[in-house]
Amino acid sequence: MTPYILRRILHMIPTLVLISIVSFVIIQLPPGDMLTSFMAQLAGQGEQGSESAVEQVRALRGRYGLDDPVVVQYFRWIGRIALHGDFGESFTYKMGVLELLWDRLGLTLALTLSALVLTWVIAVPIGVYSATRPYSVGDYGFTFLGFIGLATPSFLLALILMFIQATTFEVRSVGGLLSPEYIGAPWSIDKAMDLLAHIWAPVVVIGTEGTASVIRIMRGNLLDVLGQQHIVTARAKGLKEWRVIAKYGVRIAINPLVSRLGLQLPGLISGAVVVGIVLGLPTAGPLFYTALTSQDMFLAGGFILIAATLVLVGNLLADIALAWLDPRIRYE
Amino acid sequence: MPGDPDLGPQKKTAEVFAEVAIRQQTKAPRQLDPALLASRAFKEAPMLAERVKRGELPPVPERLPENPLVVVPFEEVGRYGGTLRHALTGDIIQSAGVSKILSESLMGFERPLPRGVECNLAEGHQFLDEGRTAIFKLRRGLRWSDGAPFTVDDVLFYYYDMVFNDEARAEDMPVPPTIWVVDGAPIRLEKVDDRTLRVSSPKPLGRVLRALANTDNFAYPRHVLSRWHPKYSVGASYADFRRRTTGAMLLMTPGIPRLSAWVAKEWVRGQRLVYERNPYYWKVDSAGNQLPYADHLVFTVVQDPQVIQLKFMNGELDLFGRYSRIDMYPTLKAEEQKRRFRLYISGPFSGPALYLNWDCPKPALREAFRDRRVRVALSHAIHREEINQTLYHGLLEPSGYSFGPSNPYFSEDTYKRYSEFDPERARALLDEAGYRDSDGDGFRELKDGSRFELNIDVMAPDFGRDVCELVAEQWREVGVKANLNGALRDIIWPRRLNGEFDIHHWGLEGPEDPLGRLNDWAIASPTSPFWHRNATREGPEWLREATRQIELALTTVDTAKARGHMVRARDLHTDHIPVIVVGSAYHVWGASARLGNVPEDGSSADVHRGWGRSVAHEQVYIKHD
């Protein structure tokens, strides 16, 4: 298996180079650049003053080397990353890109992992139930619920949840992951409790978003598997029904979900952008969104690059996990 | 009172702003008892008294200047303590939301309504040499929040070592402010002594008071910042200095001394800003209590304005105004009945405007836009009352292109001109100008035979799209086909900067004070105004004349003459209607019921430092929790 993993890692290198080029081009695509966007922001705040925005942008462009050809800019950027691990500084936040991401990573992971667990804990049993009792009232009921979950935009669910919190329950602090007084405070039992009191809402919102598709995949796969001969054989040997389903059915039907897990790795970092903004979460998603809309080159570029790398790593991990789980996979 | 007799404390400049009745009556003393001032028996917040007891601070009489600025509270003398809670949609990128609240310049606009310019850090000023020189006297004994004396050197450091030093100028100020430049050279600032500043220029300084009031900070602590300035310290670099001294960094980094009521204490990047009272703040209320009343001022970062609204309704925020929008009004009004907060309506201020591109890349359209009859017709074709009722809940005042009601040179007649809905007149004018529907498709034809069709650039989704939709519909009624080009600000804005639009929708720039927005009302640079980038070469005579008048107004200290020039400029603009205005919008904002001394009225105009300044936070207090 080791040569298989090594080969896969080697394949990742040209892909990464390609990704870095694409991510740089993507952030250059929209008209204007971070400076015009910066001037627009100032104007939006009424801070443009009486200066001509055109002249201000011209003065800034020289300072930031934005007049250089794109190729030169690209090599300057990727050179710093490859040689010094320096992703540059965010124009809007005035902080190192890695430092910014790192700050938000902890809470982001806590949130997305709990949401992922919630999704699986809800969806897999329902999927199994539906597959074992196909076309029953329960199956239709869960399918219906699942589709409603899928069809409800998660930001809307978030807003409604917050509105109910604010008007009906009159909670102390709506949205966010922490009450204001704990932001920036050292970790303590109280702060952890406060986090728990807040985190359930985004976890529910993000978690329910994914359940419907996981239910459908689980149900479909398991239904296929249950019709196969080895299941018949297992039943014929007189195994208990739950063992048949758990060991011979679910064990196989869950494989596609494992490979899906790999694809979710970048989502753990950058996912839930809209919900993050609506709920005011200090996670990485909203950061990425601001970086894109304000054309914050280094932050957006760094973000895309890191997320893309995570897709590759996630795929690799998923493949390794699958190869280990599923003896039918060959290493060639 | 200390201070030269000829400069004695002046309350206001002679300039009289439009009279607006103040509804609020204060129960606080109208002035500080002279005996109290003489005995210097000032009172201070408990949290500072404790620090004095511990020997960490000198007693309050030593911390205040000889003649502190006396603030008469809007309602009553408040009590100390508590936290004022605000929200911002970002920290660095929204720094204006903080700086307008904390700004302290030599002069400042009167509050809550900016009817005049008042003394602030300066206790008086005087014009000499027919206005070519102005002398400003600082209050004696002013101190930075770290206790260091504040002197004219700090002003000169800001002006010459930060603003007019091309290498040191911070990233957020790419070019020096034009208001401080006369005939290509900066206005001269000199030190007479530690507290006397001489300002001089070859032309009279008609602009100087307004320019000072409009600048959030006109001094920075030299004793701290010079450490990073290459001119003062070996080994310092300009790149580092530029990074450290953007408005946001100076405002938000704890440890930078300030002159404002609160100073930065804690900054969790992208999440929260905590400000704590400045022990050396130089204002007292009219009962002799050192201000501010509130111990802390906190800003929480919440990206979504709707969530900010929700948090305000839930009682998590004390003041809501920077992000309030008219479309939030119905929800807020319904929630107001629970009496946790009160809504205020002030205005009207700048409202939606359609900027026609006088240098539109399409020649036939450009020709049409430059025809006054077409512009008058487009204005008459808009049914402003319908837009008001449909989208603004009655909070849009139909008006045309002129100076706003809070401007000293406002006139009702020019304000309303060409704003009545008169589609017949619009059709007649367009016919007369030769734009007829010759092929019978329901739309008029341009001079080159193509359809009279134009695109309106509008920021989608939050700002103005709905207004533009109605305008487009109404224009179609008179045979002009209008399409919407709705996109993110970051797509629309470069088009505006590069002059690549037909019509650009945005709030009318600075109708409250065109002198604070020269670039939109005059040919102030080779690429302005943005709606007529080629004005230096192709600009119409009236715009050149208006520019001349505005320049004359800026270079006279004779208020009667300045008025004459500004009235001329106003009439020229209104007569030629280069921009189509839909109306002036009221500003809806709210304050928690637990606050006292919230002003009943205020100005939300950016040129007057906006809503944040009107509220005068230092005298707002918390009645109960």
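The model is predicted.

Start with the layout. Chain B is split into domain 1, residues 104-249, and domain 2, residues 349-584. Their centres, taken over C-alpha atoms, lie 36 Å apart.

Now look at where the two domains touch. Ten residues of domain 1 of chain B contact six residues of domain 2 of chain B. About 850 Å² is buried between these domains, and carbon and sulfur atoms give 63% of that area. Three residues stand out on the domain 1 side. B:Pro204, B:Arg207 and B:Arg210 supply 48% of the area that domain 1 of chain B buries against domain 2 of chain B.

Next, the polar side of the interface. One salt bridge is counted between domain 1 and domain 2 of chain B. B:Arg210 forms a salt bridge with B:Asp513, with 2.8 Å between the closest N and O atoms. Three residue pairs are in polar contact across the interface of the two domains. The side of domain 1 of chain B that touches domain 2 of chain B has four charged, four nonpolar and two polar residues.

Finally, move to B:Asn289. This residue sits in the loop between strand E13 (283-285) and strand E14 (296-301) of chain B. Is B:Asn289 buried or exposed? B:Asn289 counts as buried because its relative accessibility is 9%, and the cut-off for buried is under 20%. Neighbours within four places in sequence aside, B:Asn289 contacts B:Lys43, B:Val77, B:Tyr80, B:Lys283 and B:Val284.

Notes:
Residues numbered from 1 in each chain as written. Chains lettered and ligands numbered in written order. Predicted model: local features only at pLDDT ≥ 70, side-chain atom pairs only at ≥ 80, totals over all residues. Heavy atoms only, no water. Domains from an automatic or database assignment. Contact = heavy atoms within 4.5 Å. Buried area = accessible area lost by both parts, 1.4 Å probe. Salt bridge = Lys/Arg side-chain N within 4 Å of Asp/Glu carboxyl O. Polar contact = N/O pair within 3.5 Å; in protein donor to acceptor, adjacent residues only side chain to side chain. Nonpolar A, V, L, I, M, F, W, Y, C, P; charged D, E, K, R; others polar. Helix = DSSP H or I, 4+ residues; strand = E, 2+ residues; numbered from the N terminus. Buried < 20%, exposed > 50% of the residue type's maximum accessible area, 1.4 Å probe, protein only.
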